Amino acid sequence: MAYSAEAFQNEFLALGATEVNAIVTVTSSGAEGGRRTGGASEIIIVDCSGSMQAEGRMAAARQAAKAAVGCIDDGVHFAIVAGVSTAQQLYPAPGQLAVSTPETRAQATSAIDRLQANGGTAIGAWLKLAHQLLAQRPGDIAHAILLTDGENGEYKGYLESVLQEIGGSFTCDCRGVGTNWTVSELRKVANAMLGTVDIVARPEDLAASFTQMMTTAMGKTNGDVQLKVWTPVNATVRFVKQVEPQVADLTGKRTEDGPRTGRYPLGAWGAESRDYHICVDVPPGAAGDEMLAARVSVVEGENVLTQSLVRAVWTDDAALSTRINRQVAHYTGQAELADAIQAGIEARKAGDDRTATLKFGRAAQLAHESGNTATEELLATVVEIDDAATGTVRLKRKVEAADEMALDTRSTKTVRVGRSQ
Amino acid sequence: MSDCPNCPDERAAGAAFCENCGKALATGETLDVGADCASCGSPGSVGDDGYCQNCGMLAGRPRDHVEADAGPVAAAVTDRGLRHHRNEDAMWLAVRGADVDVVVCDGVSSSADPDVASESAAEAAGKALALDAGVADAIREAAEAVAALATTGDPRRLASSPACTIVAARVRDGEAEYGWVGDSRAYWVALETGHAEPLTEDDSWASHAIAMGADPQAAWNDPRAHAITAWLGADAGPVQPRTATLRPDTAGVLVLCSDGLWNYRTEPAAFAETVLACVRENADLVSAARALVAFAVEAGGADNITVALVPLTP
C-alpha cells in the first residue's frame with residue numbers, strides 16, 4: 001500500500017517564538033488493488049426501543065439494516081444486534097459471527113424482519129456486546145453501525161465507563177433518526193470510537209445512509225493506523241487534531257511510545273486523504289538555528305508507512321516569520337467554525353440570545369470566508385444571515401429541531417484549502 | 001591520480017573544486033551521523049536526517065561555512081553570518097597550476113530558493129570556465145541555469161523566480177578577465193601602496209543614482225540603495241554581463257566578494273586597509289580570507305559573507 005505524508009507550514013519563527021504549527025496531509029492509495037490484506041468484521045446495531053414505532057421508523061430501520069447487509073462483501077464476518085434494554089443478538093446464534101455469503105445474508109435479512117420495537121435504549125450495553133463479538137477476531141478491520149432514535153436510558157456514567165473501556169477497539173459510525181436523540185451523546189460515542197455521527201431526520205433516508213456507511217467500511221484496507229509523533233526534549237505537544245474531512249481532537253488519545261514519542265489512533269484507512277493539525281511548543285532558538293520540532297510518522301504496528309518532518313527555523317527577518325501559511329490559517333479557522341457553532345447552539349438553548357447571535361455571526365463569517373458553503377447553508381436554517389462578510393446575523397424565531405441538530409452534527413465538517421494558492 | 005572523492009576525473013587534481021562534477025573538494029562542516037550534538041551535548045545523538053535525536057537541533061548545514069584552500073594560488077571562504085537563517089551565497093574556485101577560475105554569487109533573498117539560484121549559477125559558470133569559456137559566456141551559462149530553475153521543482157518558483165548576482169574571474173598568465181551582474185564586487189588591492197581599485201560598478205539603485213549626479217551619501221542612505229537593477233533569473237530579461245581585463249603592473253590581490261563583506265567597508269581605501277591587514281597578519285591565504293569573513297561577522301554579520309582572494313604579480 002502506498003501512503004504519503006506532506007507537511008505544510010511556515011517554518012520561520014521570530015526570535016523568542018516557541019509555537020510551531022503544521023498541517024500534515026496523509027494520503028493513502030489503499031492496499032494492493034484496493035483490497036483488504038486481512039479480515040474484516042461488521043456489527044449492525046439497530047435501536048428497537050418502543051419509540052421506534054413512531055413515524056414508521058422501525059420499518060425504515062429494517063429496510064436500512066437489510067440494505068447494509070446487502071453491501072457486506074463475501075467472507076466478511078458479521079452479526080446483527082437488536083438494541084433494547086439489554087443487547088440481544090438477532091443474527092447469527094448468540095456469541096457467534098456469521099461469514100458473509102449469499103446464504104447467510106439471506107438468513108440475516110429474514111431475521112431482520114423479526115425486529116420489533118419494544119424496549120429501552122441502552123447504548124453502553126449494545127456497544128459492549130459488539131465489542132465482545134469483535135474481540136473474537138483480533139487483527140480484523142472491525143466496524144460497527146449504531147442506529148438510535150432516543151436518549152440513552154442507562155444510569156448516569158455507565159456509557160462513559162464503557163467508552164473508557166472499549167474506546168478505539170473498533171470504529172463505530174453513529175446515526176440518529178428523528179429528533180429525540182441527543183447530539184452530544186452520540187458525538188461522544190463517535191469520538192471515542194473514531195467514527196462519524198450524523199442525523200437522518202427522515203426515516204425514508206435511512207437505507208441510503210446505511211448503504212453509504214457500509215460501502216465506506218468495505219473500502220477500508222488497513223485496520224489500525226496510528227500517527228506517531230516524536231518531539232524534542234523540553235517540547236510539548238499542544239494539540240493533534242484531525243481537521244479534514246472533519247474536526248476531531250486526538251490530543252487526549254495519546255499513548256506514550258518511548259522517549260518523547262506518542263501515538264494517536266487514526267482508525268481504519270482505505271484509499272483516502274486526511275489532514276492533521278499539529279501544534280508543538282518548543283524551547284526558543286537563536287537566529288539561524290534549525291530544529292526538528294516534530295517527526296510525524298504514519299504507522300501500523302511497528303511498520304512505518306510514511307513520514308514527514310515539522311521544522312522550526314528562527315530568523316530576525318520579519319518578512320519570513322510573519323508569513324502566514326494558508327493551510328494552517330484555513331484549518332485554524334475551520335476548527336474555530338466548529339467551536340463557534342457548538343457554542344452558539346448551547347447559548348441558544350440556554351436562552352442567551354446575545355452570545356448565540358455573536359457565535360453564529362462569527363460562524364457565518366468563517367464559513368463564508370473559507371468557502372464552506374455546506375456549513376453556511378446549514379447556518380442559514382438557524383439564523384438569518386444579513387451579511388456573511390461582517391458576520392451580521394439574526395436568530396430565527398422558529399427553528400426546526402432537525403435543522404438545528406443537522407447544524408450541530410455537521411458543524412465539524414470542513415472543506416479543503418486550495419493547494420495551488 | 002584523482003583528488004576528487006566523488007568522481008574519477010584527473011582534471012580535479014589540485015583543484016579546490018572538482019571541475020568535472022562540481023563537488024567541493026574542500027568544504028566546511030559535513031553531516032556527521034552519530035556525532036555528539038553541538039547544541040545539547042548529547043553523546044552520539046545526531047540522527048540519519050541530521051537532527052539531534054534529543055533536542056531536535058540540526059547538526060549543521062554544509063553550506064553554513066565553506067572554505068576552499070588552493071594554497072598560495074587562491075583561497076575562498078563563505079559563511080552564513082549571524083542574521084540569515086541559511087547561506088544564500090555560493091562560490092566556485094578551481095585552480096590548475098597558476099590558472100584560477102573563481103565565481104562568487106549572492107542569492108536574492110526576496111526570490112524563491114535563492115540558495116539554489118546562487119549554487120546553480122556558481123556551478124554553471126565554474127564549469128563553463130573550466131572548459132575555457134570566456135567570462136561573459138560563463139555568466140550567460142549561469143544566467144540560463146538560474147532562469148531554468150523557475151520551471152522546475154517547487155511551484156512557488158513560478159511566482160517569484162529564483163535569482164542571484166554573480167561576479168566571476170578567469171586568471172590566465174597573470175591576467176584576470178572578470179565580469180559581473182548585480183552588486184557582488186571585484187577589487188584590486190596593491191600590496192605595496194595599499195591602493196584599492198574597484199573593478200566593478202554595482203548594478204544597483206545607488207550606483208545609478210550616483211552616476212546620474214546624486215549625492216553619494218544621500219544615495220547610499222536611501223532605502224532603495226541596495227535594490228539591484230540587474231540579476232540572473234527568469235524575470236531578469238536579457239542578461240548583459242559587463243566584463244573587463246586586469247593586467248597588474250605591481251603585486252597585489254584580486255578580491256571577489258558579496259555585499260556581506262563590502263557593506264562594512266564601503267570606501268575603497270577602508271576596504272583595502274582591512275584586506276591588507278588580514279593578508280599581512282595571517283600566514284596563509286585561506287586564513288586571510290577567513291579573517292575577512294570574521295571581520296564582517298564581528299561587524300554585525302547582517303548578511304551572508306563570501307570572499308575570494310587571488311594574489312597576482314606582473
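**A sheet and its surroundings**

Mentor: Happy to. In chain B, 60% of the contacts between residues at least 6 apart in sequence join residues at least 24 apart. Do keep in mind that this is a predicted model. Chain B has 314 residues, and buried residues make up 52% of them. Its secondary structure comes to eight helices and 12 strands.

Now to the sheet itself. Six strands of chain B form an open sheet, and reading across it the order is β1-β2-β12-β11-β7-β8, with antiparallel pairing. At the edges stand β1 (65-70) and β8 (196-198) of chain B; each has a single partner strand, so one side of each is left without a neighbour in the sheet. On average, neighbouring strands of this sheet are turned by 15° against each other, direction ignored.

One pair to pick out in your viewer is B:Ala70, whose bridge partner in β2(B) is B:Ala74.

Helix α8 (residues 285-298) of chain B lies across β1, β2 and β12 (305-312) of chain B, and it runs at about 30° to β2(B).

In the contact between the chains, 11 residues of chain B meet 12 residues of chain A. The chain B side of this contact divides into five nonpolar, four polar and two charged residues.

Chain A is assigned three domains: domain 1 (3-32 + 223-317), domain 2 (40-218) and domain 3 (327-410). The C-alpha centres of domain 2 and domain 3 of chain A lie 31 Å apart. Between these two domains of chain A, six residues of domain 2 are in contact with seven residues of domain 3. On the domain 2 side, the largest share, three residues, comes from strand β10 (residues 197-200) of chain A. That side divides into four nonpolar residues, one polar and one charged.

Eight of its eight residues are buried, so β4 is largely enclosed by the rest of the structure. Both faces are covered, with A:Ala40, A:Glu42, A:Ile44 and A:Val46 buried on one side and A:Ser41, A:Ile43, A:Ile45 and A:Asp47 buried on the other. In a regular strand, side chains alternate between the two faces of the sheet. β4(A) pairs in the parallel sense with strand β8 (residues 141-148) of chain A over seven bridges, and A:Ile45 stands opposite A:Leu146 in β8(A). With strand β5 (residues 77-83) of chain A, β4(A) also pairs in the parallel sense over seven bridges; here A:Glu42 stands opposite A:Phe78 in β5(A).

Finally, a helix pair: α1 (residues 57-70) and α2 (residues 102-112) of chain A pack at an angle of about 170°, with their axes 9 Å apart. The two helices α1(A) and α2(A) are therefore roughly antiparallel to each other.

Terms used: Residues numbered from 1 in each chain as written. Chains lettered and ligands numbered in written order. Predicted model: local features only at pLDDT ≥ 70, side-chain atom pairs only at ≥ 80, totals over all residues. Domains from an automatic or database assignment. Helix = DSSP H or I, 4+ residues; strand = E, 2+ residues; numbered from the N terminus. Nonpolar A, V, L, I, M, F, W, Y, C, P; charged D, E, K, R; others polar. Axes fitted to C-alpha atoms, helices over the stretch in contact; angles between N-to-C directions. Parallel < 35°, antiparallel > 145°, perpendicular 65-115°, else oblique. Buried ≥ 20, exposed ≤ 12 C-beta atoms within 10 Å, placed from the backbone. Pairing = 2+ DSSP bridges.
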